[in-house]
There are 2 protein chains.
Amino acid sequence: MSSTDTKGFTAVAVVGKQDKERIARAALARLMEPQDSVGLALVRAVGAVDTLGIATGELGTGPNLEREISSLLADGGGPSSWAGLPASLRRWAPRVADLAPDRDLETVRRLGGRLIIPGDDLWPEQLEDLGLQEPLCLWWRGQEQPLPSARQAIALVGSRDSTNYGASVTGDFAYGLAQRGYTVVSGGAYGIDAHAHRGALSGGVAGVPTIAVMAGGVDRFYPSGNEDLLRAVATQGAVISEVPPGSAPTRYRFLQRNRIIAALASVTVVVEARWRSGALNTAHHAETIGRVVATVPGSIHSANSAGCHRLLRDGGAVCVTDVGEISELAGAIGETGSEEKDAGAAAVHDGLSLEDLILLDALPLRSTSSVEKLTVVAGLSPDAVRAGLGRLGLLGLARSERGGWKRTGKA
Amino acid sequence: MSSTDTKGFTAVAVVGKQDKERIARAALARLMEPQDSVGLALVRAVGAVDTLGIATGELGTGPNLEREISSLLADGGGPSSWAGLPASLRRWAPRVADLAPDRDLETVRRLGGRLIIPGDDLWPEQLEDLGLQEPLCLWWRGQEQPLPSARQAIALVGSRDSTNYGASVTGDFAYGLAQRGYTVVSGGAYGIDAHAHRGALSGGVAGVPTIAVMAGGVDRFYPSGNEDLLRAVATQGAVISEVPPGSAPTRYRFLQRNRIIAALASVTVVVEARWRSGALNTAHHAETIGRVVATVPGSIHSANSAGCHRLLRDGGAVCVTDVGEISELAGAIGETGSEEKDAGAAAVHDGLSLEDLILLDALPLRSTSSVEKLTVVAGLSPDAVRAGLGRLGLLGLARSERGGWKRTGKA
């Protein structure tokens with residue numbers, strides 16, 4: 001970052017192309033709420049720099065662009081009808097005056113952190129699986145070091161009001177996973193999240209033992225009761241967020257944040273959750289992008305396990321009772337992936353289940369196909385299609401593009 | 001029963017055909033251990049009366065009969081090679097001198113019971129789903145009243161060394177199921193079985209609140225610590241066994257007995273089980289004949305729930321946490337079955353899932369097909385095939401015959 005102009009996005013003119021992109025994304029992260037579909041589609045269509053130009057009124061738009069965004073939204077599973085760009089421009093307008101990306105970048109740098117954007121060496125590639133919902137950027141507080149791949153990361157999530165049972169299980173799991181070299185991903189909240197970070201910090205052997213994905217800015221450790229814990233996470237691991245420093249952790253941002261937790265890890269383990277719980281939202285995100293959802297059984301008399309049993313009953317979640325079983329779930333994906341990637345195509349196909357072969361055959365090579373279409377073509381349930389796409393994706397045989405899925409050249 | 005000749009099977013000459021069959025089966029039940037595949041195939045081939053004649057040396061055999069038995073064994077998933085009829089005759093010979101079916105029938109009658117055989121009005125039709133492994137007969141101690149259909153019966157099984165958690169869950173479930181009019185089927189043992197029978201007796205509203213399927217003869221209430229409980233089960237419900245009065249409950253008979261528990265009920269619920277447990281054997285039997293297997297989650301720190309979690313992990317079992325969920329599993333099968341049975345064929349097919357439709361198409365109308373063959377033809381997993389056959393069977397669309405499966409005329 002060469003610019004120290006604190007006036008903000010007007011500095012883009014004097015810096016290089018890479019930096020222009022970075023500064024534009026930093027600005028857009030303040031302008032748009034997470035998962036602003038229209039905004040994200042606009043970035044896909046014209047890039048971050050021009051999106052910022054359009055949002056600030058420096059650049060105009062036209063019917064072609066509107067059509068392209070409609071098509072991107074449809075492919076990405078977004079709203080089938082949308083209010084048009086002018087409506088979005090009106091939504092963004094009130095925040096244009098507050099834009100100060102250079103100041104935000106300086107803030108995160110001063111806290112010993114940085115901003116990473118897609119394409120950076122340090123960008124976690126597995127976030128691409130979010131398709132159109134991939135974050136614009138990540139504000140990252142902590143030491144600069146490689147973040148884990150999906151197969152090296154396990155999400156442990158659950159209720160804030162954890163029981164002794166949940167606390168002990170989470171602590172054991174997190175410690176054991178960190179001991180085996182996994183990164184434990186969680187949300188930095190009270191209860192299960194805190195036990196997950198704490199256990200991972202005590203078990204960590206090297207690298208990034210734990211990542212806290214925040215719903216608000218990384219400048220503030222929230223909730224305040226976890227301040228010491230989160231400071232330790234930032235020192236030994238990483239504290240990240242898609243919203244810029246100073247952003248409040250709103251309810252909406254909590255829910256959006258969950259998709260990043262799910263996407264970072266190969267397996268999301270729900271340790272304790274009530275019948276309705278934010279942890280189930282994380283599980284749902286994980287399932288949607290074909291990640292493995294696992295859950296811990298507990299007493300049927302404990303309301304804090306009711307959400308876990310719901311996940312087991314609904315058929316999407318795997319029952320796990322120890323670290324070995326979790327590691328198996330991560331390994332089953334990861335190890336096959338790395339082995340198979342070096343083998344010939346025939347060998348790759350040999351390792352696939354019948355369902356995955358059928359799914360692979362159903363994937364188009366040039367265009368992309370939606371999950372809905374694939375369920376029809378392959379004759380598989382939506383859940384089976386999503387899980388299969390996740391596996392094929394990790395094997396490098398399938399790729400998501402604009403929210404749709406296609407075969408790679410390898411397949 | 002018109003004969004009171006206590007000398008035994010020689011009395012068959014003086015009674016009617018129905019009684020001859022009944023007396024022959026009573027005799028064979030003492031001659032052969034449960035699931036004696038060759039003996040059961042012989043009964044299929046020539047009937048019970050002639051089987052008894054062959055076993056006692058009154059009738060001869062020939063190569064044609066050997067070939068027919070080979071084919072029945074192969075169709076029924078039995079041993080692919082067998083030692084031939086002479087080997088079986090040698091196995092049965094030592095017991096021929098002990099045969100006294102009339103005495104056994106008199107014993108069960110004196111105890112207020114009876115013998116039922118396939119074809120009797122009182123015979124539980126769902127036992128046909130065991131194919132070649134259908135019991136020859138059942139010795140039944142208790143009031144003469146209709147036994148429940150599969151959809152009206154739920155099996156609750158589990159470890160002898162139950163915990164307080166297991167005891168309380170089993171008691172609640174059994175009471176609640178009996179209150180809703182279900183019959184609770186179990187094995188009369190200590191621990192979970194005893195809590196199941198006890199809960200059902202206290203919750204029973206009418207009919208048969210509970211059935212104890214014994215591994216030994218019904219003349220003796222075993223284990224002795226459950227004597228009072230089993231006496232109450234016999235008074236209000238039913239105590240049944242496939243082995244004649246006086247038979248000891250051997251380890252082998254315990255395992256064979258489990259298939260009858262599984263076949264009587266639409267759903268087998270494993271409440272508590274260690275990693276290795278007889279209850280898992282019952283679950284396996286249930287799965288094999290396409291019944292629903294359900295299990296209760298518990299603490300991952302309890303060794304008594306390890307077997308339940310194993311069932312959840314292996315993917316075969318449904319997680320249940322209350323009586324409503326169990327009733328739903330039984331109802332999902334039963335109610336569809338009864339509704340659809342009255343509707344036209346088109347309506348029946350309309351209600352089927354894609355997988356079940358594929359399976360139905362793969363079933364032959366004239367010959368029968370094995371589960372293995374069906375997995376290949378339908379492209380489904382063995383588990384999916386078994387579960388599907390169970391559903392189609394209850395809808396009256398598929399039928400098992402000689403251990404193989406075929407479509408019915410309805411389908």
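Predicted model: local features only at pLDDT ≥ 70, side-chain atom pairs only at ≥ 80, totals over all residues.
Start with chain A. Its secondary structure comes to 16 helices and 11 strands. The chain has 411 residues, and 57% of them are buried. Its accessible surface is about 16500 Å². Carbon and sulfur atoms hold 49% of that surface. Contacts reach across the sequence. Take those between residues at least 6 apart: 73% of them join residues at least 24 apart.

Now place chain A against chain B. A rotation of 180 degrees superposes the one on the other, with 0.0 Å of shift along the axis and an RMSD of 0.1 Å. The two copies are therefore related as by a two-fold rotation axis. The same surface serves both copies, and 100% of the contact residues of chain A recur in chain B. Where does chain A come closest to the rotation axis? The residue is Gly298(A), with its C-alpha at 2.2 Å.

Next, the interface itself. The size of an interface is often given as the accessible area lost when the parts come together. Here chain A and chain B bury about 1700 Å² between them. Of this, 64% is on carbon and sulfur atoms. In chain A, the residues that lose the most area to chain B are Ile300(A), Arg313(A) and Cys319(A). Together they account for 38% of what that side buries. The contact takes 22 residues from chain A and 22 residues from chain B.

Polar groups also meet across this interface. There are 7 residue pairs in polar contact, and the count of salt bridges between the chains is 4. Arg313(A) forms a salt bridge with Glu325(B), with the closest N and O atoms 3.6 Å apart. Which elements supply the side of chain A that touches chain B? Those giving two or more residues are α6 (164-179), α11 (306-313), β9 (317-319) and α12 (323-342) of chain A. The largest share, 5 residues, comes from α6(A).

An α-helix has 3.6 residues a turn, so residues three or four places apart point the same way. After α5(A) comes Gly112(A), with a positive phi near 80 degrees.

Asp104(A) lies in α5 and Arg30(A) in α1 of chain A, so the pair ties together parts 74 residues apart in sequence. Both ends are buried. Asp104(A) has a relative accessible area of 2%, and Arg30(A) has 19%.

In chain B, the side chains of Arg103(B) and Asp104(B) meet in a salt bridge at 3.3 Å, N to O. Arg103(B) is partly exposed at 38% relative accessibility, whereas Asp104(B) is buried at 2%. In chain A, salt bridges that share partners join Arg30(A), Arg103(A) and Asp104(A) into one network.

A further salt bridge in chain B links Arg91(B) and Asp36(B), at 3.0 Å from N to O. Arg91(B) lies in helix α4 and Asp36(B) in the loop between α1 and α2 of chain B, so this pair ties together parts 55 residues apart in sequence. Arg91(B) is partly exposed, at 44%, while Asp36(B) is buried, at 10%. Over all chains, the count comes to 32 salt bridges.

Definitions and conventions. Residues numbered from 1 in each chain as written. Chains lettered and ligands numbered in written order. Heavy atoms only, no water. Helix = DSSP H or I, 4+ residues; strand = E, 2+ residues; numbered from the N terminus. Buried < 20%, exposed > 50% of the residue type's maximum accessible area, 1.4 Å probe, protein only. Contact = heavy atoms within 4.5 Å. Areas by Shrake-Rupley, 256 points an atom, 1.4 Å probe, with all protein chains shown as cover. Least-squares fit on C-alpha atoms with pLDDT ≥ 70 in both. Buried area = accessible area lost by both parts, 1.4 Å probe. Polar contact = N/O pair within 3.5 Å; in protein donor to acceptor, adjacent residues only side chain to side chain.
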